[in-house]
Each structure stands twice: as structure tokens, then as C-alpha cells.
Amino acid sequence: MSALAPWIQRQLSHLLRQQGHAWLIQGPSGLGQYELGLALASAWLCESPTPQGACGQCQSCHAIAVRTHPDLCLLMPETYMLDLHWPLDEKAQKDIDDKKRKASREIRVDAARQMVSFSQTTRSGVQGKVVLIYPAERMNTITANTLLKTLEEPPGNTRFVLTSEAAHLLLPTVRSRCQTHTLQWPEPLDAQAWLTEAGLDSKEAIALLRASGGRPNDALRMTQTDGIQAKHWAAFPRSLHRGETGILSQLTPAQAVSLLQKLCHDLLALQVGAAPRFFERQDLPEGGTVRSLSAWSRSLAQEARTAEHPFNAGLMLESLFSQAQKALRRPQ
């Protein structure tokens with residue numbers, strides 16, 4: 001079991017002192033929803049739990065580590081399951097391997113129905129069963145309604161951990177059946193120390209933590225998954241202003257929209273006399289007006305709705321680049 005970030009460990013210890021069969025862990029992305037949810041589930045299932053969480057040594061902890069625990073049920077989009085190395089059921093994996101369909105980005109209703117059956121079968125251990133749902137806002141209305149009865153009156157000793165980056169999108173009937181824990185923002189020094197322990201040098205950690213809006217998990221993903229380094233981030237605004245795509249060309253449409261929203265935010269902040277949040281002031285170009293940048297912000301918000309399902313990813317990236325160029329033009 002890998003060591004938890006210090007701000008996650010503190011919150012885990014707090015949750016383990018509480019009562020309740022269903023917890024909703026909510027907060028902005030990049031603060032460790034998944035890590036805290038899995039750590040809480042692991043502690044509930046552990047054969048020798050401590051006030052700090054699972055022991056990491058028992059048969060239960062080993063089964064979770066190798067993704068085979070019979071008393072742990074995960075409800076995730078198939079894309080998340082694959083990214084986090086959790087096994088899909090045989091039929092789903094075969095359909096995806098045979099290219100009959102793509103991995104789902106939503107939590108499928110079939111998975112919720114399997115969860116209901118899971119909760120009704122006899123547990124293999126003495127600690128009960130746990131259902132982990134991440135991210136819970138990826139349940140559509142049908143999936144969420146399938147969950148409700150079991151969430152309200154779980155059979156046997158079944159407990160739930162729902163984690164969400166957008167809890168306002170959940171059905172009120174789901175939220176009302178859970179106790180809520182709002183994730184705490186880490187102290188900057190804690191986050192920087194954690195990033196350096198993960199392999200970043202101190203300057204890179206500070207720069208990427210700023211680029212992610214203070215969200216350490218997002219900062220780590222930027223460098224490890226997206227391949228973005230601090231120097232690429234710093235150079236991007238001015239290269240875009242010069243008509244160069246820079247790091248934009250290596251991102252997915254959803255990632256590109258997120259990056260451009262951050263740039264648009266900071267340029268608008270400068271226009272109204274506020275400090276930028278994601279970029280250093282000296283890295284931002286002069287260009288655009290409150291009117292053009294506001295229009296660009298609205299356009300990016302519209303693009304974000306379909307960024308994960310673009311009709312043509314290449315054309316969408318070209319369109320995003322064109323919109324940025326238009327918004328950044330100097331007034332005549």
C-alpha cells in the first residue's frame with residue numbers, strides 16, 4: 001500500500017472516527033478524491049485496521065493491491081477502470097477488445113445492477129462489503145436511480161464511499177442518503193514537498209502547482225501523464241500569441257479546453273486589475289480586450305460540454321486555436 005499524501009492521511013484518520021454507512025467525499029478535482037475513497041474502503045475491509053487506516057499487510061490489503069478483493073465493488077466509467085488498472089468484467093472487456101464498442105465514459109446501468117446483486121450475496125470476510133463509486137457524477141439518472149434503494153437500506157454490513165468532483169450534478173436523492181465530507185486544500189508547502197518526493201525538483205513543483213491551481217494530483221498528472229514541463233507551460237501563452245500551437249497540439253480536446261480556460265481566466269484577471277492565478281505575470285502577452293476575452297470564455301465553456309466526445313478531434317483543436325487567435329488580437 002503506497003503512502004498517502006499528508007493532507008489525505010489527516011482526512012482519512014478523521015473519517016475513520018466517524019459513524020455512517022455511506023459517505024460522499026466531494027471537492028474540486030486534483031485533491032485526492034479517489035485516493036481518499038480507496039483508502040477509506042481499504043480501512044473498512046482491513047483485518048487489522050489502525051486509527052490511521054489499513055495495515056497494508058493483511059490478506060485483505062493484499063487483495064485490494066492486486067485488484068481482486070471479493071468484497072469490494074467499484075462503480076467507475078470503464079475508461080477510469082482501465083486507466084487505474086482495475087479489471088472489467090469479461091463481457092465488457094471482450095466487447096472493447098473486439099472493438100464492438102468503446103470503453104464507456106459513464107458509469108453504466110449494468111454495473112449498478114451488478115452492484116445490487118453484489119450487495120445481496122454472502123460476504124467472504126468478516127468486515128462486510130464496500131462499494132466505491134468514482135466519480136459519482138458520472139452516473140446518469142437511470143444508474144443513480146438503480147443505486148438508490150440499496151444506498152438507503154444496504155443489505156448486511158455493506159458500506160458506500162461516493163467520491164465526486166461535481167457533487168452538484170448528483171441527484172438530491174443520492175446526496176441526501178450520504179454523510180458529506182468536503183476535501184481540504186493542502187498547504188502549499190505540504191503539496192510542494194509531496195511533489196518533490198514524487199520526483200519533481202522544487203522549481204518544477206512550484207511552477208506546476210501554480211499551473212494546476214494548487215491541486216497537487218493534477219500537477220503530478222500534468223508532468224507524468226500529459227508530458228507538460230514547467231518551461232512548456234511558461235512559454236505557451238506567448239507562443240500562442242505568436243501563432244504557434246506549442247503544447248496545445250499534444251493534448252486531447254478536453255485537456256486543450258482546460259488549458260485555454262486557464263489562460264483566458266488569467267488574461268481577463270489582468271484586464272480588470274487582478275493577479276493571474278495559473279501563469280506568472282511576465283509570461284502573459286498583451287492582447288485581447290475584456291469584450292473579446294469574455295466572448296472567448298463563453299465559447300470555451302460551450303466547447304467544454306462536448307470536448308470529451310468531439311466529432312473530429314483534429315478539427316476541434318484547429319477551431320480552438322483559431323478562437324484563441326481571434327480573442328488575443330490587439331485592438332486596432
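**Reading exposure, backbone angles and strands**

Colleague: Lys99 has 73% relative accessibility. Does that make Lys99 buried or exposed?

Modeller: Start with the cut-off. Exposed means over 50% relative accessible area. Lys99 reaches 73%, so Lys99 counts as exposed. Keep in mind that this is a predicted model.

Colleague: Where does Lys99 sit, and what is its phi?

Modeller: Lys99 lies in the loop between α5 and α6 (109–120). Its phi is near 60°, a positive value in a residue other than glycine.

Colleague: Is His85 buried or exposed?

Modeller: Apply the cut-off again. His85 counts as exposed because its relative accessibility is 63%.

Colleague: And His181, buried or exposed?

Modeller: Here the other cut-off matters. Buried means under 20%. His181 has 7% relative accessibility, so it counts as buried. His181 is part of strand β5 (residues 179–182).

Colleague: What is His181 in contact with, leaving aside neighbours within four places in sequence?

Modeller: Its contacts include Gln11, His14, Leu15 and Leu36. Trp23, Leu24, Ile25 and Gln26 are also among them. Those four fall in strand β1 (residues 22–26).

Colleague: How do I apply burial to a whole strand?

Modeller: Count its buried residues. In strand β4 (residues 158–164), 6 of the 7 residues are buried, so the strand is largely enclosed by the rest of the structure.

Colleague: Which strands pair with β4, and in what sense?

Modeller: Look at the bridges. β1 and β4 run parallel and are joined by 5 bridges. Within that pair, Leu24 stands opposite Leu162 in β4. Strand β3 (residues 129–133) is also parallel to β4, over 5 bridges. There, Leu132 faces Val161 as its opposite residue in β4.

Colleague: What unit do β3 and β4 make with a helix?

Modeller: Follow the chain from strand to helix to strand. β3, helix α7 (residues 141–152) and β4 make a β-α-β unit, and it is right-handed.

Colleague: What is the peptide bond from Tyr134 to Pro135 like?

Modeller: Read omega. It is near -20° for this bond, which is cis. Pro135 is placed in the loop between β3 and α7. That puts Pro135 on the path through the β-α-β unit of β3, α7 and β4.

How values were computed:
Residues are numbered from 1 along each chain as its sequence is written. This is a predicted model: local features need pLDDT of at least 70, side-chain atom pairs count only at pLDDT 80 or more; totals for chains, interfaces and linings use all residues. Side-chain values use heavy atoms; hydrogens and water are left out. Buried means under 20% relative accessible area, exposed over 50%, partly exposed in between (1.4 Å probe, protein chains only). Helices (H or I, at least four residues) and strands (E, at least two) are DSSP runs, numbered from the N terminus. Two strands pair if DSSP finds at least two bridges between them. A crossover is right-handed if, with the strands pointing away from the viewer, the path from the first strand over the helix to the second runs clockwise. Contact means heavy atoms within 4.5 Å.
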